[in-house]
Amino acid sequence: MQSFDVVIAGGGMVGLALACGLQGSGLRIAIVEEHPPTEAFSANNEHALRVSAINAASERLLAYLGVWQHILEMRVSPYQGMEVWDQDNFGRIQFNAAENGLTHLGHIIENDVIRQALWQRAESLPDVTIFTPSSFKNVAWGENEAFITLSDGNMLTSRLVIGADGAHSWLRQHADIPLTFWDYEHHALVATIRTEEPHEGVARQVFHGDGILAFLPLSDPHLCSIVWSLPVESAQQCKNMPAELFNQQLSATFDMRLGHSELISSRQTIPLVGRYARNFAAHRLALLGDAAHTIHPLAGQGVNLGLMDVAELIGELKRLHRQGKDIGQYLYLGRFERRRKHSAAVMLAGMQGFRQLFDGNNPAKRLLRGVGLSLAEHLPGIKPQLLRHAMGLNDLPDWLSQSSLIEKI
């Protein structure tokens, strides 16, 4: 029986970030992960299909964790502009980093790059132990600690167990925490595209009838990662149609903004489901990231929301430990839960309302969309607030809020 203060289920980006952030706090940390990274990153590798738009708040956290420089040395794609338009009307809004005194608005980064940097960091930390390949087999919730049995036979005790084990969280289900969920009735098609014209470091998104198409700039000036949210049947058709026909349909849907687009990777579709756990914490348990919430990818905020869960919990656990409090008591986890439930609820509600407004070809909706985007583009004071929101600056915990990048907004 090995004893820890915090045992984390899940060695993805969120779980690893928490472990790295607690190093040096005096807490003993364990990570349990079934699937370790399989191979070292190489700049010659093809771009992975799953990418994230990492905003300024998450960049600040990754820098604090000591992995940002390593990520930059692998492969990142800073973007200096954002552009959103509605294919059905005159509505359009754009953001520019230079106009706001910034060098960039965010970075498009492959999920595998972020995870590998965090994994290598966690492996090097003296306070962190990694059990892999392994998974949770059973947990018994005691008054003062949780008793954990792993699939590899190891037995652990912990004062706090962290569920960072994804949307289908075993820990959330094992703790009988109810989940509210709704099917967006869309799938996201992801792929890598070569464009005729350079993307110029601008992230672009178009709303068209029954779908949403985003072109996210990659490190090569002619490569983009696409995320195309479509009704299920349409997504499957696009996934299976001949590449030449797909290229034509993709280019036309994107209004030929970057000229002809050419598919250079496989195509993958991902079901889109919104989820919101009734509790983000319980006795000896806290949920982070997709285990607590999942949102529509139209604003690219899913990973950022999870990383801010991490930032909030790092601050709370360090504070509780300094004060000599029991970090696994539900009473003491209440502040973390309230703040993160509020942030997730606001994001979920905003994305749902936004998606419904841009869904379909109803004439009244089309007019409202056009007027709304135009007002946001031209009315004083609106764009700076939207930019702060997109960069995650309204969601930073107090301890992480000091940054030269952040102070400019």
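Me: Is Arg 339 buried, partly exposed or exposed in this predicted model?
Reply: Happy to look at that one. Arg 339 lies in helix H9, residues 334-357. Buried would need under 20% relative accessible area and exposed over 50%. Arg 339 has 37% relative accessibility, so the residue counts as partly exposed.

Me: What distance separates the C-alpha atoms of Arg 339 and Asp 395?
Reply: Along the chain, these two residues are 56 residues apart.

Me: How are H1 and H8 oriented to each other, roughly parallel or roughly antiparallel?
Reply: Good one to work through. The axes of H1 (residues 13-22) and H8 (residues 302-322) come within 9 Å and cross at roughly 30°. Angles under 35 degrees count as roughly parallel. H1 and H8 are therefore roughly parallel.

Me: How do the residues of the contact of H1 with H8 divide into nonpolar, polar and charged?
Reply: On the H1 side, the contact includes Met 13, Val 14 and Leu 18. H8 brings residues including Val 303, Leu 307 and Lys 318. The division is 11 nonpolar, two polar and one charged.

Me: What kind of aromatic pair do Tyr 64 and Trp 399 form?
Reply: The structure holds eight aromatic pairs. In the pair of Tyr 64 and Trp 399, the ring centres are 4.8 Å apart and the planes stand at 65°. Planes over 60 degrees apart count as edge-to-face. The pair of Tyr 64 and Trp 399 is therefore edge-to-face.

Technical notes:
Residues numbered from 1 in each chain as written. Predicted model: local features only at pLDDT ≥ 70, side-chain atom pairs only at ≥ 80, totals over all residues. Heavy atoms only, no water. Axes fitted to C-alpha atoms, helices over the stretch in contact; angles between N-to-C directions. Helix = DSSP H or I, 4+ residues; strand = E, 2+ residues; numbered from the N terminus. Parallel < 35°, antiparallel > 145°, perpendicular 65-115°, else oblique. Contact = heavy atoms within 4.5 Å. Nonpolar A, V, L, I, M, F, W, Y, C, P; charged D, E, K, R; others polar. Buried < 20%, exposed > 50% of the residue type's maximum accessible area, 1.4 Å probe, protein only. Phe/Tyr/Trp six-rings, centres within 6.5 Å; stacked < 30°, edge-to-face > 60°.
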